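Thanks for coming. Please have the sequence and the model in view.

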Amino acid sequence: MGKPYVIRVGSQSGGVGKTAVCVNLALALSMLGKKVLLIDGDYINPSVGFYLDIEDVKAGMSDLLERKKGLKDVAVKYDNTELYVVPGILSVTIKVKRSDLKQVPLRLDEAAGFDFVVIDTPTGLYDNITMRIFDDGLIVSTPTMRSMRMAFELSAIYSKAKLNKSLVLNRVTNRKGEIPVREIEDAFGARALAVLPDDPIVYESEVRQIPALKLNRNSPFSKSMLELARIYIGKSTNKG
Ligand SMILES: Nc1ncnc2c1ncn2[C@@H]1O[C@H](COP(=O)(O)OP(=O)(O)OP(=O)(O)O)[C@@H](O)[C@H]1O
Ligand SMILES: [Mg+2]
């Protein structure tokens, strides 16, 4: 079996929708027939488990980093899908010092049977755990000056390290006063892979702990996520 296509989802500003994108992108890929591993690499504020309502777990990301357990022991199968999740565990993650993490890159040797690995990451840290193991660094930004400026900073970091990167704009309303998508793309130097609408389904999904895609496949947000997943399937095919 080949190597999985690894997507690192990051942002330099918090609350832009990284986790919502991770969870729904991973689910969308699995709905399109791919075997997907979703890793909660946000050891500062893990919330993938919250979004998927898989919180009652004894093992997770920190066990992987401490090499206490292997992927097979910590990955949880989500519902009847081919989506497997490595949750972050808040109480345990705190034991892992940030200085330790810098030395310990996440190893994905056991992920050989997966088509895709999607990794959620901490806001604003250039951690070495996931920094050099991905095929695409997906940068999430909202159409605000603050978020954009920080997204460009992450983009520059990826460029400097010669790492592939893509932009996804989230919570776009196209309302008057919002920075137009085209202007953001011009500043970024490439088209956004996806422009995700601001959609109340995402709030609802958070409250009910059911991913937006599962709540309603036809909501504007869900449709855009499925489109993004198709784009990544295309990219992974070109890679292989
Ligand atoms: N497209 C959207 N439409 C409406 N609400 C959204 C959308 N995307 C995200 N949200 C809401 O924005 C908030 C932040 O989303 P999320 O937790 O995914 O961001 P994050 O970047 O992972 O945050 P953190 O920095 O804390 O990890 C949540 O309340 C979520 O429901
Ligand atoms: Mg998050």
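In which sense do β2 and strand β5 pair, and over how many bridges? The pairing is parallel, and there are 5 bridges between β2 and β5, the latter being residues 116-120. One pair to look for is V36, whose bridge partner in β5 is F116. Before going on, note that this is a predicted model.

Now the whole sheet. There are 8 strands in an open sheet, and the order across it is β3-β4-β2-β5-β1-β6-β7-β8, with mixed pairing. At the edges are β3 and β8, each of which pairs on one side only. As background, strands of a sheet pair through backbone hydrogen bonds, either parallel or antiparallel.

Let me take the β3 end. Strand β2, residues 36-40, also pairs with β4, in the parallel sense over 4 bridges. If you find L37, the residue standing opposite in β4 is Y84. On to β3, residues 76-77: its pairing with β4 is antiparallel, over 2 bridges. Here K77 has Y84 as its bridge partner in β4. So much for the pairing of β4; what about its two faces?

Strand β4 covers residues 83-86, and both of its faces are covered. L83 and V85 are buried on one side, and Y84 and V86 are buried on the other.

D79 is not a glycine, yet its phi is positive, at about 50°. For comparison with the general rule, most residues other than glycine have a negative phi. Is D79 buried or exposed? D79 counts as exposed because it has 11 C-beta neighbours inside 10 Å, and the limit for exposed is 12 or fewer.

Next, the other end of the sheet. Strand β6, residues 136-141, pairs with β7 in the parallel sense over 5 bridges. V140 has V168 as its bridge partner in β7. On the next step across, β7 and strand β8, residues 194-197, run parallel and are joined by 3 bridges. There, V172 has P197 as its bridge partner in β8.

The helices between these strands give two units. One is right-handed β-α-β, made by β6, helix α7 at residues 145-160, and β7. Another right-handed β-α-β unit is made by β7, helix α8 at residues 181-188, and β8. As for β7 itself, it is largely enclosed by the rest of the structure, because 8 of its 8 residues are buried.

K162 lies in the loop between α7 and β7. Its phi is positive, about 60°, although K162 is not a glycine. K162 is exposed, because it has 6 other C-beta atoms within 10 Å.

Which residues touch the most other members of the largest nonpolar core? They are L38 and V118, in a core of 68 residues. The element that gives the most to this core is α1, with 10 residues. Leaving aside neighbours within four places in sequence, L38 is in contact with C22, V23, A26, V48, L83, V85 and V118. In general terms, nonpolar side chains tend to be buried together in soluble globular proteins.

Another residue to look at is L52, in helix α2, residues 48-52. L52 counts as buried because it has 25 C-beta neighbours inside 10 Å, where 20 or more is the requirement. Again leaving aside neighbours within four places, the contacts of L52 are V23, Y78, V85 and P211. L52 and V36 are 16 residues apart along the chain, and their C-alpha atoms are separated by 15 Å.

Last, the ligand. Which residues come nearest to ligand 1? There are 21 residues around it, and G14, G17, K18, T19 and A20 come nearest. The elements giving two or more residues to this shell are α1 at 18-31, β7 at 165-172 and α9 at 200-208. By class, the shell has 9 polar, 6 nonpolar and 6 charged residues.

Terms used
Residues are numbered from 1 along each chain as its sequence is written. Chains are lettered from A and ligands numbered from 1 in the order in which they are written. This is a predicted model: local features need pLDDT of at least 70, side-chain atom pairs count only at pLDDT 80 or more; totals for chains, interfaces and linings use all residues. A residue is near a molecule or strand if its C-beta atom, placed from the backbone, lies within 6 Å of it. Ala, Val, Leu, Ile, Met, Phe, Trp, Tyr, Cys and Pro count as nonpolar, Asp, Glu, Lys and Arg as charged, and the others, Gly among them, as polar. Two strands pair if DSSP finds at least two bridges between them. A nonpolar core is a set of buried Ala, Val, Leu, Ile, Met, Phe, Trp, Tyr and Cys residues joined through C-beta atoms within 7 Å. Two residues are in contact if their C-beta atoms, placed from the backbone, lie within 7 Å. A crossover is right-handed if, with the strands pointing away from the viewer, the path from the first strand over the helix to the second runs clockwise.
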